[in-house]
Amino acid sequence: MGVGRVSAPQKITDDFVQTFQIEGMNVRGRIVRLGAVADRVLQAHGYPDPVSAITGEALAIVALLGASLKFDGLLTLQVRSDGPVSMVVADFAAPGTVRACATYDLHKAAKPGAAMLGEGSFALTIDQGADMDRYQGIVPLEAAGLTESVLNYFTQSEQIPTAMRVAAATVVTRDEQGRLTRHWRAGGILVQNIAVLGGQGVQHLENPDEAWTRASILLNTAEAHELVDPQLTAERLLYRLYHEDGVRVFPPLPVQFGCRCAPERVLSVLQTYDREELSDLVVDGAIAATCEFCSATYRFTLDEAGAQAPSADER
Ligand SMILES: [Zn+2]
């Protein structure tokens, strides 16, 4: 005790999620840092800043929660709200691919100081791959934001004491030509009291509740800017928070942007429309459908899109 140490030096400094353990505390956690990945997703969407910030937080959250999935697992976060941001969807496909998008009301979102989320629902869906059950937990959306909703989810669905901080923000850097550029970044830390799980590796502590309280209080001393600061490595941030107890970090898991949209998937959606509805979608001889996540546009002729579509009177 009292020996601050961080072992296993990490090779990558951005776009990863990493598991850590606080020595002698029965506390496990994960830290996520998204640089180019967050920037890629959020710049491409071009949402107003407050909408981008929520979407970036959702990216950090799915990376924190999804990192424990099996090799072909999928974790999806879906928020529906009656606020300026009406929907946020983010997902994490194991072993480390994320994407996110949002829908919003431009006029409401542009009001200075407006809360982006109103009342609604917060759902997490976990799909562990072929032959495994799909699990979905839904809790009310907390007006305080996504973090509060995740914590509420853990209290109600998993009953593992959890603390979490996430942030998404822009940083301005100067490139080689001296020009200033603005980048989106996202980051976060999650800690969990694994003592409730029992089993291997759980230590018998004199004051287990006190250890957990201290771990969560220390986490909440992490400032939002520290979670996204490109100059502050994940290791140094963990060291700052938990050096008195010692932190053991595990190898980082790289995170990348990726979309799973494909022409067949778009076609299968279009084929749920009838022929007349499809005809209304034809512009310049084609039906164009754009992926909300990656902005890829797929074009089909009416015959392709309507190959199996019934006409309205057949239904
Ligand atoms: Zn896509």
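Contact means that heavy atoms lie within 4.5 Å of each other. In this predicted model, Leu34 is in contact with Asp14, Asp15, Leu59, Ala60, Arg185, Ala186 and Val255, leaving aside its neighbours within four places in sequence. The protein is divided into domain 1 (16-257) and domain 2 (263-314). The average pLDDT is 88.

**Confidence**

- A pLDDT of at least 70 is reached by 92% of the residues.
- Over residues 1-10 the pLDDT stays under 50, and the model has 28 contacts for this stretch beyond four places in sequence.
- Where pLDDT is low, the predicted coordinates should not be read in detail.

**Domains and nonpolar cores**

- The centres of domain 1 and domain 2, taken over C-alpha atoms, are separated by 36 Å.
- The largest nonpolar core has 56 residues, and those that touch the most other members are Leu34, Ile61, Leu65, Leu77, Val79, Phe122 and Met164.
- Helix α2 (residues 49-66) gives the most to this core, namely 11 residues.
- Because domain 1 (16-257) and domain 2 (263-314) both give residues to this core, it lies between them.
- In soluble globular proteins, nonpolar side chains tend to be buried together.

**The largest pocket**

- The largest pocket holds about 470 Å³ of space.
- Its lining is made up of 23 residues, of which Arg30, Leu65, Ser68, Glu158 and Gln192 are the closest to the centre of the pocket.
- At least two lining residues come from each of the strands β1 (16-22), β2 (27-34), β6 (120-127) and β9 (180-193), and also from helix α4 (146-158).

**Ile138**

- Ile138 is placed in strand β7 (residues 134-140).
- Is Ile138 buried or exposed? Its relative accessibility is 52%, so Ile138 counts as exposed, the cut-off for exposed being over 50%.
- Not counting residues up to four places away in sequence, Ile138 touches Ser121, Phe122 and Ala123.
- From Ile138 to Ser68 the separation is 70 residues in sequence and 20 Å in space, C-alpha to C-alpha.

Conventions
Residues are numbered from 1 along each chain as its sequence is written. This is a predicted model: local features need pLDDT of at least 70, side-chain atom pairs count only at pLDDT 80 or more; totals for chains, interfaces and linings use all residues. Side-chain values use heavy atoms; hydrogens and water are left out. A nonpolar core is a set of buried Ala, Val, Leu, Ile, Met, Phe, Trp, Tyr and Cys residues joined through side-chain atoms within 4.5 Å. Buried means under 20% relative accessible area, exposed over 50%, partly exposed in between (1.4 Å probe, protein chains only). Helices (H or I, at least four residues) and strands (E, at least two) are DSSP runs, numbered from the N terminus. Domain bounds come from an automatic or database domain assignment. pLDDT is the predictor's confidence in each residue, from 0 to 100. On a 1 Å grid over the protein atoms alone, a cavity is a set of points where a 1.4 Å probe fits but cannot get out, and a pocket is an open set with protein on both sides within 12 Å along at least five of seven lines; lining residues have an atom within 4 Å of a point. Grid points are joined across faces, edges and corners, and a volume is the space filled by probe spheres set on the points.
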